Amino acid sequence: MVKIISVANQKGGVGKTTTSINLATSLSAINKKILLIDADPQGNASTGIGISYENRSPNLYNLIVNEDLDLNAIKKTIVPGLDIITANTNLAASEIELAEVKNREFVLSNLLSKIEGYDYILIDCPPALGLLTINALVASHSIIIPLQSEFFALEGISSLVNSIELIKESFNPNLIIEGILLTMVDKRNSLSSLVEKDVRDHFGETVYKTTIPRNVRISEAPSHGKPAILYDVNSSGSVAYIGLAREILEKQGLTNE
Ligand SMILES: Nc1ncnc2c1ncn2[C@@H]1O[C@H](COP(=O)(O)OP(=O)(O)OP(=O)(O)O)[C@@H](O)[C@H]1O
Ligand SMILES: [Mg+2]
């Protein structure tokens, strides 16, 4: 059965897209079939995986407004086993158009229920708690929350946790937090360590043991249209994302028993 995971945090620039791309690639590398969904009008996941603007038609916007799964929207990527549904700026209009639709929270969920043949669907959410993120969370089994290891990391997470509770109550009772991922960790920086301790004290086992270090190769990779794992597999960032994929599979193995 396919497992659908949203990578979400309404805070901007915390590593949602980087995590979506590199986790998707790491899972593909261990022979899982992955569909990445770019649910952000910024289209960063599409760009970062090397899909040009010309090759983004149809995209998530068309699927949402037509409420129809056009299989032409599923594009192959340079990573074997990893496909993507792309996005570009037109997706922003879907927030407004969805507002008029009956059962507007379930449009993505209905689309994804028709997709077969993947082990995981990962949804890269936009930095907002609007209808696109709500659709992603309603469609998902679980959510990965990237948290940037900085002073304000925990600010705003309570509103995200509240939103998750509301979505559970109203639309998707089985939604769980898959895990909280500390990103851009700088072990030499004592503040980073304090934030990590704070987050672990607060959220306990929900926080992944794996943390993602601040690593320049990770930030360079998108401009080459490649996941960091392909750009430089030996970089500390790539190694960390491969470790995260392992940890997620191990955790799932445990819950399946
Ligand atoms: N571990 C890391 N080390 C260094 N740079 C990183 C790391 N993770 C992310 N970045 C960089 O930080 C910036 C923000 O990351 P990313 O785009 O993944 O965040 P986001 O949460 O998706 O942002 P948005 O909210 O705009 O969608 C990018 O320039 C990215 O390359
Ligand atoms: Mg992003």
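# Reading the labels

Reader: In which loop does glutamate 105 have its place?

Author: Glutamate 105 sits in the loop that runs between helix 4 (91–98) and helix 5 (107–112). The model is a predicted one.

Reader: Why is glutamate 105 called buried?

Author: Its relative accessible area is 15%. Buried means under 20%, so glutamate 105 falls in that class.

Reader: Which residues does glutamate 105 contact, leaving aside neighbours within four places in sequence?

Author: Glutamate 105 is in contact with Ile134, Asn135, Val138 and Phe171. Contact here requires heavy atoms within 4.5 Å.

Reader: Lysine 102 is in the loop between helix 4 and helix 5 too. Is lysine 102 buried or exposed?

Author: Exposed, because its relative accessibility is 71% and the class begins over 50%.

Reader: How far is lysine 102 from threonine 25?

Author: Their C-alpha atoms are separated by 35 Å, and the two residues are 77 apart along the chain.

Reader: What makes threonine 133 a buried residue?

Author: Its relative accessibility is 2%, and buried means under 20%. Threonine 133 belongs to helix 6 (residues 131–139). Not counting residues up to four places away in sequence, it touches Cys125, Pro126 and Ala128.

Reader: What is noted about the phi of asparagine 31?

Author: Phi of asparagine 31 is near 65°, which is positive, and the residue is not glycine. Most residues other than glycine have a negative phi. Asparagine 31 lies in the loop between helix 1 (16–29) and strand 2 (34–38). With a relative accessible area of 72%, asparagine 31 is exposed.

Reader: What is the value of phi for glutamate 67?

Author: Near 50°, again a positive value in a residue other than glycine. Glutamate 67 is in the loop between helix 3 and strand 3.

Reader: Why is glutamate 67 called partly exposed?

Author: Its relative accessible area is 41%. Buried ends under 20% and exposed starts over 50%, with partly exposed in between.

Reader: How do you know that the peptide bond from serine 57 to proline 58 is cis?

Author: Omega of that bond is near -10°. Most peptide bonds are trans. Proline 58 is in the loop between helix 2 (44–48) and helix 3 (60–66).

Reader: In what order do the seven strands of the open sheet stand?

Author: The order is 3-4-2-5-1-6-7, with mixed pairing.

Reader: Why do strand 3 and strand 7 count as edges?

Author: Strand 3 (74–76) and strand 7 (176–183) each have a single partner strand, so one side of each has no neighbour in the sheet. A pair needs at least two bridges.

Reader: How many bridges join strand 6 to strand 7?

Author: Seven bridges join strand 7 to strand 6 (residues 142–148), and the two run parallel. Glutamine 148 stands opposite threonine 183 in strand 7. Helix 7 (residues 157–170) packs on the sheet, where it touches strand 6 and strand 7. The direction of helix 7 makes about 175° with that of strand 6.

Reader: Which residues make up the nonpolar patch on the surface?

Author: Phe151, Phe152, Leu191 and Leu194 form it, and together they have about 430 Å² of accessible area.

Reader: What makes leucine 194 an exposed residue?

Author: Its relative accessibility is 56%, and exposed means over 50%. Leucine 194 is part of helix 8 (residues 190–203).

Note on methods: Residues numbered from 1 in each chain as written. Chains lettered and ligands numbered in written order. Predicted model: local features only at pLDDT ≥ 70, side-chain atom pairs only at ≥ 80, totals over all residues. Heavy atoms only, no water. Patch = residues over 30% accessible without salt bridge, like charges linked within 9 Å, V, L, I, M, F, W, Y side chains within 5 Å. Areas by Shrake-Rupley, 256 points an atom, 1.4 Å probe, with all protein chains shown as cover. Salt bridge = Lys/Arg side-chain N within 4 Å of Asp/Glu carboxyl O. Helix = DSSP H or I, 4+ residues; strand = E, 2+ residues; numbered from the N terminus. Buried < 20%, exposed > 50% of the residue type's maximum accessible area, 1.4 Å probe, protein only. Axes fitted to C-alpha atoms, helices over the stretch in contact; angles between N-to-C directions.
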